[in-house]
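Open the model in a viewer and keep the selection panel at hand.

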Amino acid sequence: MKSGITAHTVVKNEDRFIWFAINSVLNFVDQLIIYDTGSQDQTVKIIKSISSPKIIFQQFGNQTADQITFLRQQQLTRTKTSWFLILDGDEVWWQKSIKQIRQTTKTAHKNLWGIITPTINSIGDIFHYQDESAGRYKFGNHTGHLAVRVIRRDIPGIHLKNTYPLEGYYDATNTLVTDYANKLIFQQSGYLHLTNLSRSTLPKDKAISRIFKYELGNKFSKHFEYPEVLSKKYPSFVPNPFVKMNQTTYLKAALITPLKKLKRMYT
């Protein structure tokens with residue numbers, strides 16, 4: 001198995017951010033395996049507009065939850081590099097972060113199985129972020145807005161198990177890879193996670209079913225530096241990512257936010 005990183009991406013109706021997600025990692029991975037599962041917006045057009053020999057792109061029709069897990073297993077099987085990166089269409093990396101990932105995988109000991117990264121979660125719009133107190137992911141001693149998106153490919157018996165969106169990567173003993181706290185390392189910098197925003201230009205009733213989170217987040221400071229790719233020139237058919245929340249969204253969020261904060265205090 002050769003050294004390097006292969007990105008795995010499975011998308012459906014993700015045209016708002018997919019261009020930025022792909023291009024944020026393209027120069028730092030060896031291959032991207034991208035599967036589309038029946039997009040009806042501009043997602044396919046956008047992916048096809050990115051010209052790179054690194055990209056393997058296939059289109060599938062609508063998939064069941066079990067079939068999506070199967071597709072992720074297929075991506076794992078096709079991966080010939082020693083590491084893989086799970087890249088969703090709403091994840092945009094800073095260059096510093098993905099460079100550090102690349103360097104870590106080059107020098108990693110065999111006992112390192114995964115890399116924990118923090119995420120900054122936009123909410124309401126791209127100008128606001130969710131408070132860290134809302135982050136409940138836990139890996140070893142680390143809790144918060146966290147993810148393990150980079151995993152070693154040559155873990156003995158590594159395979160996928162369970163149905164999307166609860167699928168996970170397991171070893172030969174059927175133990176979840178992320179349960180091995182002593183085999184994970186924490187990296188200080190991560191990526192901008194846009195999962196709480198509308199990810200498609202399609203009307204909500206036609207886009208993939210996702211729960212839109214109404215919440216007033218913290219405003220990014222004027223000195224905040226967004227991932228570099230968000231300032232790059234992009235094709236005219238790629239939606240502008242810098243769109244403010246509308247008045248209706250703001251009012252709903254203003255009503256719900258105090259209740260959410262109270263709930264977090266007692267759970």
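**Stop one: a bend in α5**

Select isoleucine 256 in α5: a kink of about 35° lies there, shortly before proline 258. The bend at a residue is the angle between axes fitted to the seven residues ending there and the seven starting there. This is a predicted model, in which local features need pLDDT of at least 70 and side-chain atom pairs pLDDT 80 or more, while totals for chains, interfaces and linings use all residues. Residues are numbered from 1 along each chain as its sequence is written, and side-chain values use heavy atoms, without hydrogens and water.

**The rest of α5**

Next, show asparagine 246, which caps the N-terminal end of α5 with a side-chain oxygen 3.2 Å from the backbone nitrogen of threonine 248. Then colour Thr249, Ala253, Thr257 and Arg264, the buried residues of α5 (under 20% relative accessible area, 1.4 Å probe, protein chains only).

**The whole protein**

Zoom out to 5 helices and 15 strands (DSSP runs: H or I of at least four residues, E of at least two, numbered from the N terminus). The C-alpha trace spans about 50 × 45 × 40 Å along its principal axes. Of the 267 residues, 50% count as buried.

Definitions and conventions:
Polar contact = N/O pair within 3.5 Å; in protein donor to acceptor, adjacent residues only side chain to side chain.
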